[in-house]
Structures are given as structure tokens and as C-alpha cells.
Amino acid sequence: ESALPVSGRTEFSLLAAAVNEMAARLRQAQGEMVEKERLAHELDLAREIQSGLLPEGELAAGPFLVAGAHRAAAEVGGDYYDFLALPDGRVALAIADVSGKGLGGCMIMSMLSALWRSHAPRYNSPRELLLALDVQLAATLKPGQFVTMFYGLLDVESGRLRFASAAHSPLLHRKADGAIEWRVTRGIPLGAVSTAMLARSLHDEELEIAPGDLLLGYASTGLHTNG
């Protein structure tokens with residue numbers, strides 16, 4: 001759209017100047033509206049991706065019940081959890097948080113989900129799996145991006161959980177008698193440092209879950225034994 005010609009200080013020229021200013025503001029408002037619609041579409045897409053990656057329902061394995069819940073925030077981030085029954089009868093548990101918001105964080109989360117599901121049946125050591133993920137994510141994560149992640153292998157017959165954590169939130173273990181124990185680890189996030197340095201910070205740990213115990217990876221997923 002072309003602007004009206006403006007010359008002098010006549011009533012017509014003043015009116016033309018006012019119309020031109022109104023048209024410029026209208027074009028700016030239209031541009032802002034288009035940008036808001038684009039951002040809203042991106043946010044909806046990110047929410048759809050995030051929702052599609054999270055497991056549906058619960059997983060019953062032996063005496064254990066594994067369940068998770070997710071509450072969407074106003075701004076989508078890279079929160080992720082998953083659980084998977086392995087061919088050998090164990091249950092693989094993952095909780096992660098990708099730095100960054102919006103579609104970018106969700107895309108990293110999508111890649112992490114695919115890598116984790118393909119790697120989980122191949123590793124008996126949670127530490128080794130986290131290191132393998134770090135190697136594959138290194139080429140994708142930009143400087144400043146990182147992933148905190150907990151990974152555990154639950155033996156449903158013995159009740160033993162073998163796990164490692166790359167700087168993820170500590171586990172809360174509430175025992176049947178009401179005693180509460182926090183399991184804090186000292187790992188470094190995936191993508192934050194070299195894989196060699198990460199390897200020095202990660203360790204496999206174990207805990208035993210008895211009937212009536214509750215193990216919670218707040219505020220993403222939890223598991224407990226029936227009864």
C-alpha cells in the first residue's frame with residue numbers, strides 16, 4: 001500500500017499525514033498479530049510433541065506399579081519421563097529435563113526419547129547408558145544447552161533399583177514404616193562438559209524397594225509396590 005502524498009500544511013496534507021500514520025500503525029499491529037499467531041502455533045506444536053512423547057497410563061510389573069504425571073506450564077519446556085518393560089523382565093525408568101523452552105527444547109526432548117528407547121535394552125549399567133546418550137547428543141546440543149537425567153533399572157523380582165543420575169533432582173524414598181530418605185547424586189548434566197569429565201562424575205548406585213515403599217522422582221514420575 002502506498003502512502004498518501006503530503007506537502008505543505010493544508011488541511012488535506014494534515015489529514016493525509018494522519019491517515020499515513022494510522023496506516024503505518026495498522027501494518028505494525030497486523031505484523032505483531034501474525035507474529036503472535038506464529039508463536040501460539042509453535043507453542044501448541046511443542047505441547048503436542050511433549051504430550052505425545054509421555055507414556056499413557058500405568059505399568060504393572062510384578063509387585064510394582066509404575067506411574068507418572070505431567071502438569072503443563074504456561075510455557076512449554078523440556079520436561080520428560082518414560083518407563084519401559086525390557087525383554088529380560090526388568091523395567092527401565094527415565095526422568096529428564098532439557099534446558100530451554102518452546103519448540104527447541106521439545107525437539108531435543110524428542111531426540112532424547114528416541115535415543116533412550118533404542119539404547120535401554122542394550123545397557124546393563126545406567127551410567128554407561130547416560131554416557132552413550134551424552135556422546136550422541138553432543139553434536140546436537142548448542143553451547144549452553146544441557147540435559148539433567150535420571151536413569152534406573154528396576155529388577156522386579158528382587159526389588160533392587162540400579163540407577164545413575166546426571167545432575168537430576170534427588171530421589172525421595174519413603175519406606176513402609178514412614179521413614180524418608182533422599183538419594184542425592186553428584187553427576188554433571190549431559191552436554192555440559194566433555195564425555196570424559198562426565199564419566200568421572202557418574203556412578204551406578206543401588207537401593208532396595210520393599211513392599212509398601214514409595215520411590216518418587218519429583219515432580220515427574222513415581223513408582224511404588226502394591227500393598
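## Two buried phenylalanines

Phe150 and Phe163 are both buried. This is a predicted model, and these two residues make a friendly place to begin looking around it.

## Aromatic pairs

How many aromatic pairs does the count come to? The count comes to three aromatic pairs. One of them brings together Trp116 and Tyr151 in an edge-to-face arrangement, with 6.1 Å from centre to centre and 80° between the planes. Trp116 is part of helix α2 (residues 102–119) and Tyr151 is part of strand β5 (residues 147–155), so this pair ties together parts of the chain 35 residues apart in sequence.

Are these two residues buried or exposed? Trp116 counts as buried, because its relative accessibility is 0%, and Tyr151 is buried with a relative accessible area of 0%.

## A nonpolar patch on the surface

Now for a look at the surface. Here Ile180, Trp182 and Val184 form a nonpolar patch, and together they have about 330 Å² of accessible area.

To find Val184, look in the loop between β8 (180–183) and α4 (195–201). Val184 has a relative accessible area of 60%, so it counts as exposed, the cut-off for that word being over 50%.

Methods. Residues are numbered from 1 along each chain as its sequence is written. This is a predicted model: local features need pLDDT of at least 70, side-chain atom pairs count only at pLDDT 80 or more; totals for chains, interfaces and linings use all residues. Side-chain values use heavy atoms; hydrogens and water are left out. Patches are made of residues with over 30% relative accessible area and no salt bridge: like charges are joined within 9 Å, nonpolar side chains (Val, Leu, Ile, Met, Phe, Trp, Tyr) within 5 Å. Accessible areas come from the Shrake-Rupley method with a 1.4 Å probe; for residues, only the protein chains shown count as cover. A salt bridge is a side-chain nitrogen of Lys or Arg within 4 Å of a carboxyl oxygen of Asp or Glu. Helices (H or I, at least four residues) and strands (E, at least two) are DSSP runs, numbered from the N terminus. Buried means under 20% relative accessible area, exposed over 50%, partly exposed in between (1.4 Å probe, protein chains only). Rings of Phe, Tyr and Trp (its six-membered ring) pair if their centres lie within 6.5 Å; planes under 30 degrees apart count as stacked, over 60 as edge-to-face and the rest as tilted.
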